[in-house]
Amino acid sequence: MKRGLAFAWIIAMIMASGCGQTGDTLAEAIERGYITVGFANEKPYAYKTADGELTGEAVEIARVILERLGIQEMRGELTEFSSLIAGLQAKRFDIVTAGMFINAERCEAVAFANPEYSIGEAIAVKKGNPLNIKSYEDIANHDTAKVAVMAGAVEIGYLEKSGVSKERMVIVQDQDAAINALQSGRADVMTMTGPALQSRLDTAQDPNIERVTDFEQPVIDGQDVRGYGATAFRKEDTAFREAFNAELEKMKESGELLEILRQFGFTEEELPGDATAEELCKP
Ligand SMILES: CC1=N[C@H](C(=O)O)[C@@H](O)CN1
């Protein structure tokens with residue numbers, strides 16, 4: 001009954017919004033029986049397992065919600081992180097489930113659902129931390145230190161605001177290339193979100209590199225940075241995003257959201273609280 005009502009509400013929203021002005025991605029996906037999702041193979045947010053199964057916190061949260069909205073199947077479109085937004089706009093896929101952080105610049109291009117988690121940053125270095133790097137400022141203040149960072153990621157902006165010049169960044173296309181740069185010595189540091197970095201280290205099992213456990217979170221504009229990740233929609237898919245948000249809210253209240261996050265190594269501290277896309281989109 002509840003599902004039936006939700007379904008009727010979604011269709012009513014789409015009809016009420018008027019054809020032409022509003023995206024019909026949701027109705028099309030329901031009709032087709034599947035939805036295509038952009039992802040960047042970044043564990044634990046969205047990735048394919050060795051068996052080719054699409055999973056990750058962002059994927060599994062979306063999977064539950066999409067099923068409740070009437071879409072039974074998700075088909076992943078592997079895309080470089082830096083091309084996810086352009087791919088969504090170009091309709092190469094219907095939504096982005098990559099745990100992408102909400103920020104003002106991205107909100108100009110796409111519409112985010114409310115956040116599903118929040119997280120901080122991390123760095124890894126050569127064993128023993130020979131350059132004694134504990135913060136982004138330490139990279140900036142060192143004479144030669146280079147940091148590997150993924151193209152299109154927010155960390156590039158954080159590094160710049162911490163005084164690290166572009167010449168000191170080894171900008172790579174994905175997280176595998178970031179760890180390769182550190183292992184091969186092309187970079188002295190790699191940075192990404194805490195869970196992504198830990199997952200890379202766990203997979204690499206390389207005794208010559210280590211996480212900096214006393215890393216100081218970057219302080220940008222007087223505040224410790226914290227990223228809030230969410231599913232992204234095309235701007236015109238307003239009704240779809242609202243329906244998604246309504247289901248997400250129920251999952252937050254019931255504790256189902258935390259249950260899924262926990263399966264991917266997140267803790268209660270990483271819940272998004274009452275943060276909204278609207279406030280996180282503000283410049
Ligand atoms: C989940 C994720 N968040 C950051 C971002 O949104 O830019 C980057 O670290 C890339 N991956």
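In this predicted model, the ligand is surrounded by 14 residues, and the closest of these are Glu42, Phe101, Arg106, Val154 and Glu155. A polar backbone atom of Phe101 lies 2.9 Å from a ligand oxygen atom. The side chain of Arg106 places an N or O atom 2.8 Å from an oxygen atom of the ligand, and a polar side-chain atom of Glu155 is likewise 2.8 Å from a ligand oxygen atom. On its own, the ligand has 290 Å² of accessible area, 100% of which the protein covers.

One cavity of 30 Å³ or more is present in the structure, and the volume of the largest cavity is about 130 Å³. Its lining comprises 16 residues, with Glu42, Phe81, Phe101, Glu155 and Thr193 closest to the centre. At least two lining residues come from each of α7 (154–161) and β11 (189–193). Because domain 1 (3–118 + 228–273) and domain 2 (121–224) both contribute residues to this lining, the largest cavity lies between the two domains.

Open pockets were considered as well. The largest pocket has a volume of about 980 Å³. A total of 29 residues line the largest pocket, and those nearest its centre are Ile102, Asn103, Ala104, Val154 and Tyr158. Several elements each provide at least two residues of this lining, namely α5 (104–109), α7, β14 (223–224), β15 (227–229) and α12 (277–280). The lining of the largest pocket is made up of 15 nonpolar, six polar and eight charged residues. Domain 1 and domain 2 each supply at least three residues to it.

The second largest pocket has a volume of about 350 Å³. Among the 19 residues of its lining, Ala40, Asn41, Lys43, Asp176 and Arg200 are closest to the centre. Two or more lining residues are given by each of β2 (47–48), α8 (175–184) and α9 (194–204); of the elements, α9 gives the most, with four residues. By class, the lining of the second largest pocket consists of seven nonpolar, six polar and six charged residues. At least three residues of this lining are drawn from each of domain 1 and domain 2.

Technical notes: Residues are numbered from 1 along each chain as its sequence is written. This is a predicted model: local features need pLDDT of at least 70, side-chain atom pairs count only at pLDDT 80 or more; totals for chains, interfaces and linings use all residues. Side-chain values use heavy atoms; hydrogens and water are left out. On a 1 Å grid over the protein atoms alone, a cavity is a set of points where a 1.4 Å probe fits but cannot get out, and a pocket is an open set with protein on both sides within 12 Å along at least five of seven lines; lining residues have an atom within 4 Å of a point. Grid points are joined across faces, edges and corners, and a volume is the space filled by probe spheres set on the points. Domain bounds come from an automatic or database domain assignment. A residue is near a molecule or strand if one of its heavy atoms lies within 4 Å of it. A polar contact is a pair of N or O atoms within 3.5 Å; within protein, one must be able to donate a hydrogen and the other to accept it, and residues adjacent in sequence count only if both atoms are side-chain atoms. Accessible areas come from the Shrake-Rupley method with a 1.4 Å probe; for residues, only the protein chains shown count as cover. Ala, Val, Leu, Ile, Met, Phe, Trp, Tyr, Cys and Pro count as nonpolar, Asp, Glu, Lys and Arg as charged, and the others, Gly among them, as polar.
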